[in-house]
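Trainee: Before we discuss this protein, may I see its sequence and its model together?

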Amino acid sequence: MLPMVAPAPAPPLTDRFTSVASPVGDLILTGDGAALTGCYFTGTGHPDPTIGLQRDDAAFAAVAAQLAEYFAGERTAFDLPLAPSGTEFQLRVWQQLRTIPFGETRSYADIARGIGAVNGFRAVGLANGRNPISIIVPCHRVIGADGSLTGYGGGIERKRFLLDLESGSLPFG
């Protein structure tokens with residue numbers, strides 16, 4: 001697993017995008033030419049992340065290939081340069097999310113403990129909800145302390161699908 005690119009003083013310049021089909025609907029990928037800055041679900045009611053960006057399908061060939069392998073059950077970890085834009089706390093949370101193994105889940109409290117913010121589970125929940133790189137930074141693997149599925153920016157049905165896919169409850173492909 002590659003570490004996330006160190007945060008720059010200013011947010012990374014996101015100037016490219018593409019759209020790729022997936023079993024959970026079309027995904028919008030954004031990037032700066034060197035790293036992936038976003039992986040967004042369509043149809044969520046969130047603002048369009050492509051406004052002002054130039055379509056560049058070739059720039060995202062490696063990301064699209066790894067996502068296809070993931071959905072086909074051939075990939076359990078992503079090996080891509082990432083550059084999400086966020087606060088220092090959010091970046092720590094998102095890096096911790098990347099340590100959750102494929103097919104496993106953690107609670108918000110587990111993530112908070114993992115970054116040394118023992119009582120910060122609510123702040124972890126907020127940071128988790130602002131994760132700009134869905135699936136690849138696996139915020140879907142975070143669940144409630146009682147094992148319940150809690151909010152997910154892509155919708156609970158997508159979260160359930162991703163968790164079922166990773167647990168082997170769904171056929172791949």
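Predicted model: local features only at pLDDT ≥ 70, side-chain atom pairs only at ≥ 80, totals over all residues.

Trainee: Which pattern does the protein chain follow along the sequence?

Mentor: Helices (H or I, at least four residues) and strands (E, at least two) are DSSP runs, numbered from the N terminus. The protein chain has 5 helices and 6 strands. Read along the sequence, their pattern is β-β-β-β-α-α-β-α-α-β-α.

Trainee: What percentage of the residues of the protein chain count as buried?

Mentor: Buried means under 20% relative accessible area, exposed over 50%, and partly exposed in between (1.4 Å probe, protein chains only). Of the 173 residues of the protein chain, the share that counts as buried is 42%.

Trainee: Which residues do ring pairs link into a cluster?

Mentor: Rings of Phe, Tyr and Trp (its six-membered ring) pair if their centres lie within 6.5 Å; planes under 30 degrees apart count as stacked, over 60 as edge-to-face and the rest as tilted. The structure holds 3 aromatic pairs. One of them, Tyr70 with Phe71, is edge-to-face, at 5.0 Å centre to centre and 75° between the planes. The cluster linked by ring pairs consists of Tyr70, Phe71, Phe78 and Phe102.

Trainee: How many residues apart are Tyr70 and Phe102?

Mentor: Tyr70 and Phe102 form an edge-to-face pair, 6.2 Å centre to centre with 85° between the planes. Tyr70 is buried, at a relative accessible area of 0%, whereas Phe102 is partly exposed, at 23%. Tyr70 lies in helix 1 (residues 61-71) and Phe102 in the loop between helix 2 (88-97) and strand 5 (106-107), so the pair links distant parts of the chain, with a separation of 32 residues.

Trainee: Why do the buried residues of helix 4 line one face of the helix?

Mentor: In helix 4 (residues 121-129), Val124, Ala127 and Asn128 are buried. On the other side of helix 4, Arg122, Leu126 and Gly129 are exposed. The arc is that of the directions from the helix axis to the C-beta atoms. The buried residues of helix 4 line one face because, seen down the axis, they fall within an arc of 100°.

Trainee: Which elements do the buried residues of helix 4 pack against?

Mentor: Contact means heavy atoms within 4.5 Å. The buried residues of helix 4 pack against helix 2, helix 3 (108-114) and strand 6 (142-143).

Conventions. Residues numbered from 1 in each chain as written. Heavy atoms only, no water.
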